[in-house]
Amino acid sequence: MSYELYEKARKLGAKAYKKAVSAGQYPYLPVLDDIIEKDSIVNEMNLGLMDIPLSRIVGTSNAGRTQAFASNFMPLMRNGSEFSSKWSMLSDAHVSEGIRDAIKVYEYLNYYYVVEGNKRVSVLKFFGADSIPAFVTRKVPKLTDDELIKVYYEYMDFYKKTGVNYIRFKHEGEYKRLMEQVKIAPKHGGQYEEHETMSEMINANDTVDGVSSAVRTDLTKIWSDDTLLELKAAYKRFEKAYRAKGGVNLEDVSTGDAFLAFIEVKGFDEVCDMSLDEIQAGIAAMWEEFLVINEKYEVEVSLTPPEEKKNVLTSILAPNYSAAKPLKIAFIYDGDPSESDWRYSHELGRNYIKEVYGEKLVALKITGASTEEEIIKAIDDLVENHGVEMIFTLNAQAVNASLKCAIKYPDVKILNCSLNTSHRYIRTFDARLYEAKFLSGMIAGSLTKTDKIGYIADYPIYGVIANINAFALGARIVNPNVKVYLDWTSLRKPGEISDIYESIREKGIDIVSDQDMITPSRASRKFGLYRLTSNGPENLTMSVYNWGKLYERIINLVMQGAYSSADADSESKPINYWWGLSAGVVDIIVSEKVPVDTRRLVNLIKTLIMEERFSPFWGEIRAQDGSLKSEEGVEMDVDDIIKMDWLVENVIGDIPSIDELDESARELVEMKGVLS
């Protein structure tokens, strides 16, 4: 019987061999000695005895036995040879009592190469086993800028903290994101204080099981044994379902990548409690999300509203909204609009579209839904009990809840107010405020008498750094000597905000850029751009969000039946609306206290920006450290503007680290921050 099994294994090997040859590929086992470049290894680590996934064993350490196996580890030697006899004996042993003897391997870049035990690996792969015990020695490559190497270094840190070796990611930051998801799960996750469980330094001349090693790894433990068991069980169920769906055919989405995306939507606790059938259903519902990752789609940033499509076909297919059957939409705020200038500006936009569409539209609102659970509960109620077809969530922290509900309700259009969110199931939107900030900076630079301007910002998230830099560039274009002094409200607790204004006075600053508009519940003139006088702030300009204009354009797409087709080249591409002056979504109000010549200049530049004949981020631009960020004669790419993590050279201040932020700001900044 064992010889028959060997013949089946040999046929599998022959098939893999022929396929490789026809594709012009090496048909035998990869050899680690041929893969590693000379002087590329900085040290070796003895990891000791552990179970390793058979799927990660891909080759042999040297060329001695490589041609006895095809690239899939199936045998190639003829039946009846000494090799086949030994293979068959191992097969019999596995069937009767299981292969228990550990093999020896090198681990390199999260793959394993066999030093001793090739036939044991071959037999177990033939029988479809999951793992094998092995004495593992890790070869550590030099750290370079290669993403593969950097991800591997992240894996080594992850393994040191968890001991988990069966999850593989392809992109930077994903191991950290997985640890964070497990940490915040109250039922099956959590995080324990890290502590050393093994520490043994080995001299370079010592050997471990005959293998030279300079370092023995230090292991720490951040998860309980129960958490580790739950993680492994959930991952194995997911892996089975993902393979069945065809996930192995997605070249740029490893099972680990897909597993992390699944957890970030569902939550670690929920995934741990899901059956195989439930995971299969969840994967099917999220399949387009995995396709987006696989196609490496960047967010498609829509800088101008799409052309409205008016033709016979769209007119016939477009929904016919009326007073009898209005379009029902809803806005979800994390607090009372009257207590925040940000929320209040969106509330003005909601009221605007109510006037525009009249009885053809119902615009509901939910206030005070701030946690993920509250947002999901609110959306469930809006969809299931009120028949809402379109929902705007108005803070970046709501993006995860928005995504979960968008997958749950595929017929509901859900949009989140944030930048750079690469999800297929939701769209994001924001206003290109940096254009108005540039104009405001021009006014500040022309009016300052001390060459010192204050700028008060809130959170270091996508888009905010562009606002700061544009303001500073606008000030410098009219006043080469001006300096912009940057302060962050998110560094201090609310009771200490007065410290910022005291610091501004001490520095001799005479012009300040503050929050963008008035907060209804707090009567204060400290908004927009103002001059400090003995009689209090003298308001000069105000940057304006016209959210109603943005809502109107998006709602028009829905009413025309063109929401799915009007924007991206591919319907799989994530879309971010980022509209500015030309779309009427932002504007600037200038006081008559500003000299008429300055107003004329600002209006001229505003017109040029709207006509796309001038950009605030054009030409030579240098950061605080003197590095060149944009060359003369070149306009900065939109993606570089969104993801700015540096400040221009005439800004005094810095981008805070996560540890410097107030506790209430950390969640938002961890999700949407551009920490330097």
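View 1. S21 supplies the largest share, three residues. Helices (H or I, at least four residues) and strands (E, at least two) are DSSP runs, numbered from the N terminus. This is a predicted model: local features need pLDDT of at least 70, side-chain atom pairs count only at pLDDT 80 or more, and totals for chains, interfaces and linings use all residues. Residues are numbered from 1 along each chain as its sequence is written, and side-chain values use heavy atoms, with hydrogens and water left out.

The structure holds two cavities of 30 Å³ or more. Ala, Val, Leu, Ile, Met, Phe, Trp, Tyr, Cys and Pro count as nonpolar, Asp, Glu, Lys and Arg as charged, and the others, Gly among them, as polar. On a 1 Å grid over the protein atoms alone, a cavity is a set of points where a 1.4 Å probe fits but cannot get out; a pocket is an open set with protein on both sides within 12 Å along at least five of seven lines; lining residues have an atom within 4 Å of a point. Grid points are joined across faces, edges and corners, and a volume is the space filled by probe spheres set on the points.

**View 2. Seven strands form an open sheet with mixed pairing.** The strand order is S23-S21-S20-S19-S17-S18-S26. Strand S23 (586–590) and strand S26 (651–652) stand at the edges with a single partner strand each, so one side of each has no neighbour in the sheet. H15 packs on this sheet and touches S17, S19, strand S20 (529–533), S21 and S23. The direction of H15 makes about 25° with that of S23. Axes are lines fitted to C-alpha atoms, for helices over the stretch in contact, and angles run from 0 to 180 degrees between N-to-C directions. Contact means heavy atoms within 4.5 Å.

Within the sheet, strand S17 (residues 452–457) and strand S19 (residues 511–513) run parallel, joined by three bridges. Gly454 has Val512 in S19 as its bridge partner. Two strands pair if DSSP finds at least two bridges between them.

**View 3. Asn467 is buried in helix H16.** The helix spans residues 464–478. Asn467 has a relative accessible area of 11%. Buried means under 20% relative accessible area, exposed over 50%, and partly exposed in between (1.4 Å probe, protein chains only). Not counting residues up to four places away in sequence, Asn467 touches Leu433, Tyr434, Lys437 and Tyr455.

**View 4. Asn395 is buried in a loop.** The loop runs between strand S14 (390–393) and helix H14 (399–408). Asn395 has 8% relative accessibility. Leaving aside neighbours within four places in sequence, Asn395 is in contact with Asp334, Asn416 and Cys417. Ser340 is 55 residues from Asn395 along the chain, and their C-alpha atoms are separated by 12 Å.

**View 5. Strand S12 is mostly covered.** Of the six residues in S12 (residues 327–332), five are buried. Six bridges join S12 to strand S13 (residues 361–366), and the two run parallel. Lys328 stands opposite Val362 in S13.

**View 6. Helix H7 gives the most residues to the lining of the second largest pocket.** H7 gives five residues. The pocket volume is about 1,100 Å³. Its lining has 33 residues, of which Ser55, Arg56, Val58, Arg168 and Arg243 lie nearest the centre. Strand S2 (57–60), helix H4 (118–126), helix H7 (225–245) and helix H8 (255–266) each give two or more residues to this lining. By class, 15 lining residues are nonpolar, ten polar and eight charged.

**View 7. Strands and a helix cover the buried residues of H4.** These buried residues are Asn118, Arg120, Val121, Ser122, Val123 and Leu124. Their cover includes S2, helix H3 (82–96), strand S3 (103–108), strand S4 (111–116) and strand S5 (131–141). Gly128 follows H4 and has a positive phi, near 75°.

**View 8. S3 and S4 form a hairpin.** Two residues lie between these strands, and Leu109 in the turn has a positive phi of about 55°. S3 and S4 pair in the antiparallel sense over five bridges. Val105 stands opposite Val114 in S4. S2 and S4 pair in the parallel sense over three bridges. Ile57 has Tyr112 in S4 as its bridge partner.
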